[in-house]
Amino acid sequence: MINKFTATALTTLALALPAQAQNFDDPVEFAKQKDMLGAAANGDATTPWLQYYGDVMADTSGYKKDGPHTICFSNAGVNNPWRVVGWNTMQAEVEQHDNIAEFVVTDAEGSDDKQIADIEDLLAGGTCDALIVSPNTTAALTPAVEKACEQLPVIVFDRGVNTDCPVTFIKPVGGYGFGIQSGEFIAANAPEGSDVLMLRILPGVDVLETRYSAAKRILEEAGLNIVGAEFTDGDRAKTKAIVEDYIQRGNQLGAVWMDAGATSVAAIEAFEDMGLDVPIVTGEDQQDFLQKWQEIGMNTIAPTYPTYQWRTPILAALKILDGEAIPGPEWNLPQPAITNDNLGDFVNASMPPLHYAACGCEGMPGYPERWGGK
Amino acid sequence: MNIPRPKNLAALAPFLLLLAAIAVYVSVAIATGQTQYLTAENLLGLLGRSIALGITAIGQTFAILIASIDLSVANLISVSAVLASSIMSGDPSMMLPAIAAVLAVGVVVGLINGLVITQFEVNPLIATLGMALILQGLLSATFNNFAGEVPEEFQVFAYGQVGGISISLIFLIALTVAAWVFLRFTRAGSNIYSVGGNPDASKLAGMRTTRVVIMAHVICSVCATIAGLYLASRLRSGAPWIGRDGVYDLESIAVVVIGGTALSGGRGGVWGTLMGVMIFSLIDSIFNIAGVDAFAKQILRGVIIVAAVAVYAVRSRRIEA
Amino acid sequence: MMARLKQINPVFLVLALLFVAIAILSPYFLQPAGYMNFLKRAAPIAILAVGQLYVINSGGFDLSAGALVTLTVIGSSILLDGDASATWWVILAMLGVGVIVGAVNALVVSWLKVPSIIATLGMMITLSGIALTWSGGAPRGYLPENFRFFGRYLIKDLPLIKILPVAVIVMVVVCVAMWWLMHRTNYGKRLIAMGDNPKAALLAGVPLTETRIVAFVMSSVSAVLAGILLGGFAGVSTDVGVGLELQAITAAVIGGAQLLGGRGTVGATIAGALVLQAMFTLLNILGFPKPIRDVVQGLILISAVVIAGYRRRRSGG
């Protein structure tokens with residue numbers, strides 16, 4: 001039901017304000033990622049965190065230095081289970097390399113302001129040979145990254161910034177790809193014209209914004225009715241309350257599209273608790289979602305944003321400091337999707353429910369205890 | 001009539017706390033062998049991490065001095081940042097109108113807060129809490145992402161430097177000095193202390209206490225909007241969550257209180273507040289240098305707030321609520 | 001009849017009006033699935049509000065309640081880590097933590113003479129620091145099904161009402177117990193005397209410190225119970241308690257509790273919590289987005305206090 005108050009307010013504001021500074025709905029990038037999803041990646045498929053698409057490389061001979069090295073990492077935070085798994089994986093990777101003398105880490109606890117200050121601190125410390133950054137949000141962290149690029153080689157991964165000064169930007173195929181995978185699945189499997197609720201974690205992060213815009217485009221083109229797009233802060237309690245509210249309003253939801261999988265089970269439970277059939281609820285490679293999927297026999301898809309991407313920046317940093325060429329300015333990793341066909345490969349009951357299956361961590365030091373498994 | 005301000009140990013306490021914090025900072029830096037953090041530049045930079053908190057806290061000092069409180073500052077900061085950023089939208093010629101608009105909003109919000117508290121006799125906690133919710137709701141209903149953009153010329157507020165010292169730091173010090181001069185040397189300033197310390201006596205002495213309360217709240221809100229301008233400059237844009245992210249409402253109350261200003265009003269001042277900001281910054285940095293879990297510092301902060309207030313209040317024999 | 005009506009706390013009338021409005025707009029609520037779900041969602045807030053009432057009646061505030069809810073959910077989740085056999089001792093442990101937190105709050109106020117706003121503010125910051133440090137900032141561990149039983153399970157196939165959420169049973173039991181303590185014991189009388197006029201109460205022999213301890217412990221224990229219900233409802237969450245203490249204070253104030261002392265009744269407070277939940281539900285049915293609910297909550301809060309102030313002055317209180 002369109003709320004007149006909000007509609008009027010928003011229209012007035014939309015007319016009064018200029019367009020957004022960043023463009024998260026770029027058809028060119030959309031097409032590029034769609035192609036990548038169908039293409040074959042270079043490199044060994046058993047080590048997907050080293051694979052890449054295309055053949056554009058960055059010349060790093062100018063950064064060659066003698067080891068051992070000090071590698072610095074400005075982390076946006078470990079405030080969701082995906083990041084927790086990624087961070088554990090990265091630490092395990094660091095342990096595997098003798099020529100990393102020191103690994104200096106700052107945690108911005110999910111605050112842009114703090115991360116800007118953290119990067120300033122790391123630069124002031126003067127001991128970093130290379131800087132890895134996982135930015136909290138895209139626009140706010142751009143000046144800090146630009147400043148850092150002037151002093152040392154910078155690697156950005158996971159979320160991006162609005163500058164291409166870093167040596168490389170590591171990510172799986174991308175947000176558009178993620179949105180395409182889940183959007184196309186819903187378009188193909190939900191009844192014609194049914195209602196879809198879109199749930200998002202938070203705004204301002206490029207890889208999440210692009211997931212949303214890509215899926216929205218596909219769902220609208222397929223004639224589905226998007227009844228709402230809400231922010232959940234990645235929180236279960238909020239997610240469940242939002243879904244319940246929409247059901248209470250009388251919406252017969254044919255699908256719930258989610259831009260990530262940490263709270264998919266909460267959305268599923270909302271339907272279960274109200275005694276309704278569970279429609280298509282998309283997720284991610286988090287174990288509790290995969291196990292629930294298997295248990296109740298759903299028809300759904302889990303695109304992944306593999307946590308093995310946390311291994312790559314360490315390897316990239318070492319290669320840069322060795323003067324070895326690496327894919328750049330973008331390093332695109334494979335981005336597999338889980339469907340009923342390959343679900344069995346990813347479900348693992350001995351790993352904790354909040355563990356992400358595509359972590360590439362099976363052979364690493366401390367597995368499975370470091371990741372909470374038995 | 002000048003209400004004499006107590007010159008006893010309580011007034012020195014924030015300064016002693018600050019010295020203790022500095023001592024811990026220095027020893028941790030030396031102990032972990034990271035003496036590069038002990039340069040004058042770095043120590044000055046410490047305060048630089050908390051400019052937004054400092055500006056907000058100066059304003060909050062005025063509210064607490066009159067035995068009131070303002071819980072709406074965090075959301076007002078968000079409103080101010082988003083509004084400034086949207087109006088400017090990258091255009092340098094719109095800087096002044098944006099600043100004017102934002103300050104006007106501050107005045108209006110402060111006025112409303114003050115009026116609700118004085119005319120409707122609503123407890124300040126509830127009044128400003130209600131305002132916070134209203135601001136939060138209005139903001140979130142219209143914006144859900146970064147809005148607009150701040151032009152390069154305005155970014156100078158947060159990133160600019162003069163003679164090696166950041167402009168924002170100079171601004172903070174200047175603001176503190178201005179506030180101190182106002183409180184110490186003007187009639188309006190001493191009225192604030194009177195109304196806070198003894199509202200009944202002030203009324204009997206013929207003071208327009210309502211005006212004083214409203215003025216204090218306007219000052220508090222305007223400071224919050226200035227903090228919002230600073231943050232818009234620093235993050236290059238404004239977003240509806242930046243006030244909440246920084247927890248500026250509770251933290252500004254905390255640093256004011258640690259700085260020796262009593263919640264019951266009438267005692268304390270802005271220099272104590274600045275020391276409180278410095279103490280919190282030092283705690284932040286101590287934890288960073290020592291490599292201790294950043295979340296653990298929250299625990300320490302909570303304890304320090306209670307301990308500091310306990311120290312200041314232990315001499316009071318009032319039966320507390 | 002009008003004279004009788006004027007004496008009834010307006011909150012009950014408002015609640016009745018809201019229920020009628022909701023039922024008209026959405027017949028779904030006249031069915032057991034509808035109104036039982038409403039009560040299930042309202043249960044944690046009702047419990048929290050009554051706990052908060054104890055502290056408000058003693059003349060103070062408990063701002064640490066929300067953080068304690070979060071700590072309960074996170075702590076239980078990490079300690080249990082999916083192990084159903086440990087549920088009972090973890091629940092006991094959490095209740096124990098609640099008692100300790102409440103006692104500490106009360107003692108800081110009584111012995112250290114720190115105003116309750118600051119004391120509970122400091123406790124709130126400390127508790128959320130503990131929750132964050134323990135969990136590292138992200139949800140960890142997992143809540144097993146038998147823990148989630150309280151917040152999530154529905155007893156089905158009952159005559160007439162069809163389903164009964166366990167959460168509603170918990171709410172009724174807890175609220176009746178807290179009502180009895182407040183309105184049927186000498187303790188309750190002492191509490192209200194203390195909030196009304198601490199000096200007079202002290203002179204009359206009311207043991208202020210002990211009374212305060214019980215009040216704050218009631219608030220903290222109710223926070224733990226609310227945490228158990230909320231953890232059951234949605235599972236692990238690091239944000240679950242945010243803003244809850246303010247909702248609880250709002251509910252109590254709507255019910256007529258007077259800040260800085262005395263007056264509030266358990267029944268009216270529960271009605272206040274239901275009014276808040278009903279307001280949110282009404283806004284939801286009308287299609288208003290969450291932010292508007294915040295605006296409404298703010299307006300309600302201020303209006304409730306203003307109205308209560310007028311009533312008080314008119315009746316010469």
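Two strands pair if DSSP finds at least two bridges between them. Strands here are DSSP runs of E with at least two residues, and helices are runs of H or I with at least four, both numbered from the N terminus.

Hi everyone! What we have is a predicted model, where local features need pLDDT of at least 70, side-chain atom pairs count only at pLDDT 80 or more, and totals for chains, interfaces and linings use all residues. Residues are numbered from 1 along each chain as its sequence is written, chains are lettered from A and ligands numbered from 1 in the order in which they are written, and side-chain values use heavy atoms, leaving out hydrogens and water.

Let's start in chain A. Which order do the strands of its open four-stranded sheet take? The order is β8-β7-β9-β10, with parallel pairing. At the edges sit β8 (225-231) and β10 (280-281), each pairing on one side only. Strand β7 (residues 195-200) is joined to β8(A) by six bridges, and the two run parallel. One pair to find: A:V196 has A:I226 as its bridge partner in β8(A).

Now over to chain C. Here β1 (residues 154-158) and β2 (residues 162-165) run antiparallel, joined by three bridges. C:I155, for example, is partnered with C:L164 in β2(C). The two strands form a hairpin with three residues between them, and C:L160 in the turn has a positive phi of about 70°.

Last stop, back in chain A: A:K34 belongs to helix α2 (residues 27-38).
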